Amino acid sequence: MKRHEKKTSRGTAVMMLTFIYLIFIVNLSTPSKMFSESENRKLELLPSFAIRHLLSGKFTANYEKYISDQFMQRDVWIGIKSAADRMMGKKESNGVYLGRDGYLLQKFSPPPFREPGDKAEALNRLAEAVPGINTYVMLVPTALSVLSDKLPDHVSGNLELEEREHVRQRLNKDIRYVDVYPVLHAKRSEPLFYRTDHHWTTKGAFYAYQELSRNMGFSPKEESRFTITRVTDSFYGTLYSKSGFRHVKPDSMELYLPKFPDKYAVKFSDKSHTTNSLYERDYLQRKDKYALFMGGNHSLVAIKTGIRDGRKLLVIKDSYANSLIPFLTSHFSEIYVVDPRYYEGDLRKLANAHKIQDVLVLYNLHTFFEDVSFPKIAAFAK
């Protein structure tokens, strides 16, 4: 029996090693992907080797991220893992909580100790560099803190709000902080966030637009001035893909279309043509349906409206702004939209060239702390 057991164990070991070797070969021979459509993010690429990076641990950390992002059939393995976790009663998978009423909520991890201060300093430098420009900051709390009643037991969304306060308290007095948490919390019984995606809905963006108007001094359009149109009932967002939780219902998506449409021209820096719409409906047939708004993220977008001698706005943002910006075309003659994750230009020169009067920094809190490209906004201070 012992000899038979040894042969069985040896055979099992050989099979396991062969399996691991085959996976290694497949991963090695498969071309790296630049972007994950299911997770709507850039994937980690093979890091360049340098002795200093190896000694500091940076190379190893980046290589682990590369292996994780480029692992073959990544989405399939994520689904298998989450199914196993769910069978064991777990309510978290790959940084996503399975909440009540089918809500998927993105986990928030506190940033390093100095980071809130660094981010606040970048915002302060932006405001100090061009004192004639009005600077507004809107850091949007995610569903984690607004819909805290949807969280699993023993999970809190307070950390996100606490870190926001660390930044807010360090901002210069001439920066106008636009606090949308009170209105979102008051309206939390309404569908303000998608259940399967990390973004807010158009309704959530609309309430934020109204709050922004009170801070910026313009009169917002009432909800009755829009025709609210449902454009899809089959939206599965980033948290659905990231978590692997598959037994949840898809989201619907709505557009707020003005009953008396504004006229404007939109120029994307990465496209040769100009369009007259901020919506790209072709994306409704794709996985990343949220890219319906402005066709996703671009380094620079220039919007010129029919308003003469109106205010000019520069928006420095993440993807949360994409569904809010269409509401602003009635109030500004020109709007320039910059995503620091992709923009390589000088923001100060951009603002001066177009005689910008107002700057709005709009991020959701999760991306605000996670985005390593955010300090680019300090280019104002060059």
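This note walks through the main features of a predicted model, point by point.

1. **Overall make-up.** Start with the whole chain. The protein has 12 helices and 15 strands. It is 382 residues long, and 49% of them count as buried. The exposed surface comes to about 19900 Å². Carbon and sulfur atoms supply 54% of that area.

2. **Contacts along the chain.** Consider contacts between residues at least 6 apart in sequence. Of these, 71% join residues at least 24 apart.

3. **The sheet.** Now find the open sheet of 8 strands. Read across it, and the order is β7-β6-β15-β13-β14-β12-β10-β11. The pairing is mixed. Which strands form the edges? They are β7, residues 176-177, and β11, residues 274-275. Each of these two pairs on one side only.

4. **A helix on the sheet.** Helix α9 covers residues 202-216 and packs on this sheet. It touches four strands: β6 (134-140), β7, β13 and β15 (358-364). The direction of α9 makes about 155 degrees with that of β6.

5. **Strand β14 and its two neighbours.** Look next at β14, residues 334-338. On one side is β13, residues 312-317, which pairs with β14 in the parallel sense over 5 bridges. L314 stands opposite Y336, and V315 stands opposite V337. The other partner is β12, which runs antiparallel to β14 and is joined to it by 5 bridges. Here K304 has E334 as its bridge partner.

6. **Why β14 counts as enclosed.** Is β14 buried or exposed? Buried means under 20% relative accessible area. By that cut-off, 5 of the 5 residues of β14 are buried, so the strand is largely enclosed by the rest of the structure. Check the two faces in turn. E334, Y336 and V338 lie on one side. I335 and V337 lie on the other. Both faces are covered.

7. **The largest nonpolar core.** This core has 92 residues. Which of them have the most contacts inside it? They are L123, M138 and W200. Helix α9 gives the most to this core, with 7 residues.

8. **W200 up close.** Set aside its neighbours within four places in sequence. W200 is then in contact with M138, V140, L192, F193, Y194, A205, A208, Y290, Y320, S323 and L324. One of these, M138, is also among the residues with the most contacts inside the core.

9. **A second core.** There is also a separate core of 7 residues. Its members include V96, L98, F245 and V248.

10. **S213 in the helix.** S213 lies in helix α9. Its relative accessibility is 1%, so S213 counts as buried. Leave out residues up to four places away in sequence, and S213 touches F218 and P220.

11. **H298 in a loop.** H298 sits in the loop between β11 and β12 (300-305). Is H298 buried or exposed? It is buried, with a relative accessible area of 6%. The side chain of H298 makes a polar contact of 3.0 Å with the side chain of D270. It also reaches the backbone oxygen of M294 at 3.0 Å. Beyond residues up to four places away in sequence, H298 touches F268, D270, K271, D339 and Y342.

12. **Two residues with positive phi.** Most residues other than glycine have a negative phi. Two residues here deserve a check on that score. D101 is not a glycine, yet its phi is positive, at about 60 degrees. D101 lies in the loop between β4 (96-98) and β5 (104-106). At 56% relative accessibility, D101 counts as exposed. H154 is not a glycine either, and it has a positive phi of about 70 degrees. H154 is in the loop between α6 (143-146) and α7 (158-168). H154 counts as exposed too, at 85% relative accessibility.

Definitions and conventions: Residues are numbered from 1 along each chain as its sequence is written. This is a predicted model: local features need pLDDT of at least 70, side-chain atom pairs count only at pLDDT 80 or more; totals for chains, interfaces and linings use all residues. Side-chain values use heavy atoms; hydrogens and water are left out. Two strands pair if DSSP finds at least two bridges between them. Contact means heavy atoms within 4.5 Å. Axes are lines fitted to C-alpha atoms, for helices over the stretch in contact, and angles run from 0 to 180 degrees between N-to-C directions. A nonpolar core is a set of buried Ala, Val, Leu, Ile, Met, Phe, Trp, Tyr and Cys residues joined through side-chain atoms within 4.5 Å. Buried means under 20% relative accessible area, exposed over 50%, partly exposed in between (1.4 Å probe, protein chains only). Accessible areas come from the Shrake-Rupley method with a 1.4 Å probe; for residues, only the protein chains shown count as cover. A polar contact is a pair of N or O atoms within 3.5 Å; within protein, one must be able to donate a hydrogen and the other to accept it, and residues adjacent in sequence count only if both atoms are side-chain atoms.
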